[in-house]
Amino acid sequence: MFKINKEENSIEPLRSQTFADLGFRERQHLQEWIAKTPACLGEELLIIQKEFAGFADTQERLDLLALDKQGSLVLIENKLDDTGRDVTWQALKYASYCSSLSKDNIRSIFQEYLDKSGSGGDAKGALVEFLDAEDYDEIVLNKGSTQRIMLIAANFRKEVTSTILWLLNFKLRIQCFRVRPWCAGDSIFLDVDQIIPTKDVEEFMIGLASKSLDEVEAAAEEKKRYKVRRQFWTELLRAAGPKIPRFANISPNHFHYVSAGSGLRGVPYNFVASKSFGRVELYIDRGDKDENKSIFDELFSQRTTIENTFGAALTWERLEDKRASRIKSEVDGDCFDESERPAMISTMVDAMTRLEGSLKEPLAQIQRRLKARSQEE
C-alpha cells in the first residue's frame, strides 16, 4: 500500500505491521472497531450483541452477532493476526446454535445489548427502523437456513481457506475479510479487504444460497400476505370511492399503504394498514426538508381549528430526524384478520373523510401562497 505525495507527484510505501507489534488486541480493539463501524465490512449491519454466550450447555462466546438488511443473522468472528486452525469449525458450531433463535429471542438479545451498552432505546423500534419496515409484526428474522458467517483476520491459514471454498459449494454464506494495519509516520491505517468470495462473484454465490427451501417457503408466505393486502385495499377503496372522490380511481396494491393526491404536490393523503393498526394521514414530502417543515409548521399553527373540524385530536409528527413530516390518526386493528376488516375499513374511511375536510382550506391557502411565490420568482 502506498501514500500519494501530490506535491512531488510520487508515491511513498506504507509500513505493514502486525496488530501485536502495535499493541492492539482482538477483543479490546478490533472487535470494538467493527462494533462501532460495521459498515467497514461493506454493507449495512446492525450489531445486536457482543460476546454472545447464549448457547445452551456451552461456555463458548461469539465475538459479534449482527443482522443484515434482509433480517438474516450475521455471525462475526475476529482472530487478529492469525485465524488458527479451528476457526471454521468454531464458526459453523455458532451458526448451528443460532439457527434456532426465534424472532423474540433476537429482540430480547438486542434489548439486552442496548441496555448493557448504555445506549438505551427500544429494540423493537430499532429493528423496525433498520429493516425499513412499517410495523414490528411484519418483520421476519432468521428465516430458514440464512445464517451468515464473517471471518476476520490479518492472515488466513491454507487449511481454513481451503475448507471455506469447499463449503461455499454447499451454498453456505461465508465471507473472509483480511484486515491489516499500515503505518505512515505517526498515522495508522486499517485496510479491510474481502478475499472470499471475491466481490465479483459474491452476488452469484448469494443467489445460489437464496434458493434454499426455507427461502422459497418465506417467499410463499410473503406472496400470501400480498394477496390479503390487495383484497383489503380493494374493499376499502370500494367503500371510500363514493365518499372521497380523490380515491375513486386509485387501484389496489400489495403494499402497506395506498395514496391519493391532496392537490398540493408531494403532500398526499395515505391509508396505511398493518397487523396492529389502521391509519389515515397527510404525508408531507416535497423533496426538501426545510420546505416540508415549513408546511407542517403552518398547518400546526392552525391545529385547534383543524382538530375541531376533524372532531378529535390528531397526532402531529414533525419527524425532526427525517426529511418528511406527517399528520395522522390511528385505530387499532389487524388488516389480515378477516373478521376485523369491515369495522376497520368503516372507521378508516370515516376518519379520512373528516381529515380531508379539516385540511381542505389550510392546504388551499398553502397552495395559493406557493403559487404566488413561484410567480414572483
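In which crossing, right-handed or left-handed, does α9 pass α10? The tour below reaches the answer at its third stop.

The structure is a predicted model, in which local features need pLDDT of at least 70 and side-chain atom pairs count only at pLDDT 80 or more, while totals for chains, interfaces and linings use all residues. Residues are numbered from 1 along each chain as its sequence is written, and side-chain values use heavy atoms, with hydrogens and water left out.

**First stop: Asn-5**

Select residues 2-5, strand β1, where Asn-5 is found. Strands (E, at least two residues) and helices (H or I, at least four) are DSSP runs numbered from the N terminus. Asn-5 is counted as buried because its relative accessibility is 16%; buried means under 20% relative accessible area, exposed over 50%, and partly exposed in between, with a 1.4 Å probe and protein chains only. Next, display Ser-10 and Glu-12, which Asn-5 touches when residues up to four places away in sequence are not counted; contact means heavy atoms within 4.5 Å.

**Second stop: Ser-262**

Proceed to the loop between β10 (257-260) and β11 (269-273), which holds Ser-262. With a relative accessible area of 14%, Ser-262 is buried. Leaving out residues up to four places away in sequence, Ser-262 touches Arg-246, Val-267, Pro-268, Tyr-269, Leu-282 and Leu-363. Select Lys-360 as well: Ser-262 and Lys-360 are 98 residues apart in sequence, yet their C-alpha atoms are 8.4 Å apart in space.

Two packed helices are described by the angle between their axes and the distance between the axes. Select helix α9 (residues 303-310) together with α10: they pack at an angle of about 145°, with axes 8 Å apart. Axes are lines fitted to C-alpha atoms, for helices over the stretch in contact, and angles run from 0 to 180 degrees between N-to-C directions. The crossing in which α9 passes α10 is right-handed; a crossing is right-handed if the near helix is turned clockwise from the far one by less than a right angle, and left-handed if anticlockwise. On the α9 side, the contact is made by Ile-306, Thr-309 and Phe-310. The α10 residues in this contact include Ala-351, Arg-354 and Pro-362.

**Last stop: α8 and α10**

Finally, select helix α8 (residues 289-300) and helix α10 (residues 341-376), whose axes are 10 Å apart at an angle of about 135°. α8 passes α10 in a right-handed crossing. Glu-291, Ile-295, Glu-298 and Leu-299 of α8 make the contact, with α10 residues including Leu-359 and Arg-373.
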